[in-house]
Amino acid sequence: MLKSTSIWIAIVLASVQITFGQGSITTELKPTQVRALFLCPGISIEQKLSDKHSFNLIAGIQPGVSEHTLEPEDTQYKFYIAPFVSGEIRNYYERKQVKKELAPNSGNYFALAAGYYMNRIINDSGKEYYDESYENSFFVGPVWGFQRNYLNGFHLNISVGLGYQQGENLDGRITMITNGGFGFYF
């Protein structure tokens, strides 16, 4: 049993080495890159820290919909917007070389992410309504992501991970950290 497990581990490690060893390139980082984001309207600034590390700061407005039950058969859905700020310390690693040419700051990364969601400021009825579990809450945790900046100025970023969230009305919990967006870089 131990011998067959060792063989499988050796095969997996060898295949990973072969995959990363062939046609891999390092991510070129610009000293500073500014982006306008559209999915959650906002701005992102990525600052190079070293050849493989950067700090990415995002500030924006998150739109959403909350379910609000007044009575057992009377459920209303409220549109809201909430300001947020988040940051990531990214570690870019080598990625597979692709035929399409990409602009700097295009790569795969692991990051430590943290952020803060402020009070929701508006909903569709014009009255204040807060989902208490997210009111004045922060999160922190590791994420994996990929970012692509194309030569035409288009920007795409997706990251996902698990983290810890705590807030004014939230004792603390394990939460999914997701970030996805597109826009244009300058």
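Me: Why is asparagine 105 called buried?

Reply: Asparagine 105 has a relative accessible area of 0%. Buried means under 20% relative accessible area, exposed means over 50%, and partly exposed is in between (1.4 Å probe, protein chains only). The value is under the cut-off, so asparagine 105 counts as buried.

Me: What kind of model is this, and how are its residues numbered?

Reply: This is a predicted model: local features need pLDDT of at least 70, side-chain atom pairs count only at pLDDT 80 or more, and totals for chains, interfaces and linings use all residues. Residues are numbered from 1 along each chain as its sequence is written, and side-chain values use heavy atoms, with hydrogens and water left out.

Me: What makes the backbone at asparagine 105 worth a look?

Reply: Asparagine 105 has a positive phi of about 70°, yet it is not a glycine. Most residues other than glycine have a negative phi.

Me: Where does asparagine 105 lie?

Reply: Asparagine 105 is in the loop between β6 (95-96) and β7. Strands are DSSP runs of E with at least two residues, helices are runs of H or I with at least four, and both are numbered from the N terminus.

Me: How many helices and strands does the protein chain have?

Reply: The protein chain has 1 helix and 11 strands. In sequence order the pattern is α-β-β-β-β-β-β-β-β-β-β-β.

Me: Why are β7 and β9 called a pair?

Reply: Two strands pair if DSSP finds at least two bridges between them. β7 and β9 are joined by 11 bridges, so they pair. They run antiparallel. Glycine 107 stands opposite glutamine 147 in β9, and alanine 114 stands opposite valine 140 in β9.

Me: Which other strand pairs with β7, and in which sense?

Reply: β5 and β7 pair in the antiparallel sense over 10 bridges. Here glutamate 88 stands opposite alanine 113 in β7.

Me: What joins β9 to β10?

Reply: 11 bridges do, and the two strands run antiparallel. Glycine 145 has serine 159 in β10 as its bridge partner. β9 and β10 form a hairpin with 4 residues between them. Glycine 153 in the turn has a positive phi of about 100°.

Me: How do you know that glycine 107 is buried?

Reply: Glycine 107, in strand β7, has a relative accessible area of 0%. That is under the limit, so glycine 107 is buried.

Me: What does glycine 107 touch?

Reply: A contact means heavy atoms within 4.5 Å. Not counting residues up to four places away in sequence, glycine 107 touches Thr27, Tyr92, Arg95, Gly145, Phe146, Gln147 and Arg148.

Me: Why does serine 54 count as buried?

Reply: Serine 54 sits in strand β4. Its relative accessibility is 1%, which is under the limit, so serine 54 is buried. Leaving out residues up to four places away in sequence, serine 54 touches several residues, including Leu29, Glu46, Glu88 and Tyr92. Serine 54 and asparagine 91 are 37 residues apart in sequence and 6.9 Å apart in space, C-alpha to C-alpha.

Me: What share of the protein chain is buried?

Reply: Buried residues make up 33% of the 186 residues. Among contacts in the protein chain with a separation of 6 or more, 56% are between residues 24 or more positions apart.

Me: What makes a space a pocket, and not a cavity?

Reply: On a 1 Å grid over the protein atoms alone, a cavity is a set of points where a 1.4 Å probe fits but cannot get out. A pocket is an open set with protein on both sides within 12 Å along at least five of seven lines. Lining residues have an atom within 4 Å of a point.

Me: Which residues lie nearest the centre of the largest pocket?

Reply: They are Gln62, Tyr117, Phe139, Thr178 and Asn179, out of 37 lining residues. The largest share of the lining, 8 residues, comes from β11.

Me: How do the lining residues of the largest pocket divide?

Reply: They divide into 15 nonpolar, 16 polar and 6 charged. Ala, Val, Leu, Ile, Met, Phe, Trp, Tyr, Cys and Pro count as nonpolar, Asp, Glu, Lys and Arg as charged, and the others, Gly among them, as polar.
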